[in-house]
Amino acid sequence: MNYKYSFLSKSGIALYNNCLKSENGGCPFAFKMKYILDIPPSQSKSSNKGSALHELFDKFFDMVKIDDGELYFPFVVDDNLKKDFNIFLSYETDRFEYLKSIERLDVYQPVVRERMFNNNRLGIHGIVDRIDKTSEDKYILYDYKSGVYEHQNKWGLRNELAFYHLCVGSEYDLIEWRGLLTAKGYMYKTIPNEKVLDKVSELVDDTWSNIKMGKFEMTKNKMSCSYCGWKYKCPRWSIQIS
Ligand code: SF4
């Protein structure tokens, strides 16, 4: 395997949780723990917070009302999530004001929220956080990030967005990738990059080849382990603890 690309993204392993049918690279050993040994993942504090934020952002779009050209959101936010939510809200308010100014509030609601997409050719699938339609009737792919790690690793986030792009395929004509890093109050934006898409496809193919040959090596990149649900059952880490 070409380990240069063995680390798809910080949540390469989180995607294992979501990818019930197949894997997206990262760590073949995690694949073995999940699908062959049938070991359930542990929930960490950060993954619980991430799930709560995803639910909150989704609830926002169910509850938000546009009345008389103003935005209303009639619900209370848990204190633990307020900081991240306020960053999201500030971004949404700016987006609302912009669309109002150009009279395109019809595209305010995302066209996709928390939806599973499949790419049968590559043998991958993933839950896409969100796709927006732009005022020019094109599409933007989003990923929400509540951890701090991604801020230092745009490369990993970009690859993760590429992975989701590959899952979406041609259903939406994506013209931009965005990662909303709520812990840092930062929006990472980039345009889809063919070279990155090719590299991620190559990684997926490599990982599948290894799995099919029964090679379940641990990823060489320990950063992948940060968010792995199997970390506390993995020999790499249990050896260090004992
Ligand atoms: S902790 Fe690291 S090496 Fe172990 S299964 Fe998870 S990603 Fe792989």
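Leaving aside neighbours within four places in sequence, which residues is Cys167 in contact with?

**View 1. Contacts of Cys167 in a predicted model.** Cys167 touches Phe117, Asn118, Asn119, Ile124, His125, Gly126 and Val128, neighbours within four places in sequence left aside. Contact means C-beta atoms, placed from the backbone, within 7 Å. The model is predicted: local features need pLDDT of at least 70, side-chain atom pairs count only at pLDDT 80 or more, and totals for chains, interfaces and linings use all residues. Residues are numbered from 1 along each chain as its sequence is written.

**View 2. The largest nonpolar core.** This core has 22 residues. Val128, Leu141, Leu161, Tyr164 and Cys167 have the most contacts inside it. A core joins buried Ala, Val, Leu, Ile, Met, Phe, Trp, Tyr and Cys residues through C-beta atoms within 7 Å; buried means 20 or more other C-beta atoms within 10 Å of the residue's own, all placed from the backbone. Helix 5 gives the largest share, seven residues.

**View 3. The ligand shell.** The ligand is surrounded by 15 residues, the closest being Cys27, Met218, Cys225, Cys228 and Cys234. The shell criterion is a C-beta atom, placed from the backbone, within 6 Å. Helix 2 (28–36) and helix 7 (235–241) each give two or more residues. Helices (H or I, at least four residues) and strands (E, at least two) are DSSP runs, numbered from the N terminus.

View 4. Strand 6 (residues 174–181) and strand 7 (residues 186–190) pair antiparallel over five bridges; pairing needs at least two DSSP bridges. Leu180 stands opposite Met187. Four residues lie between the strands, and Gly185 in the turn has a positive phi of about 65°.

Notes. A residue is buried if 20 or more other C-beta atoms lie within 10 Å of its own, exposed if 12 or fewer, and partly exposed in between; C-beta atoms are placed from the backbone. Two residues are in contact if their C-beta atoms, placed from the backbone, lie within 7 Å.
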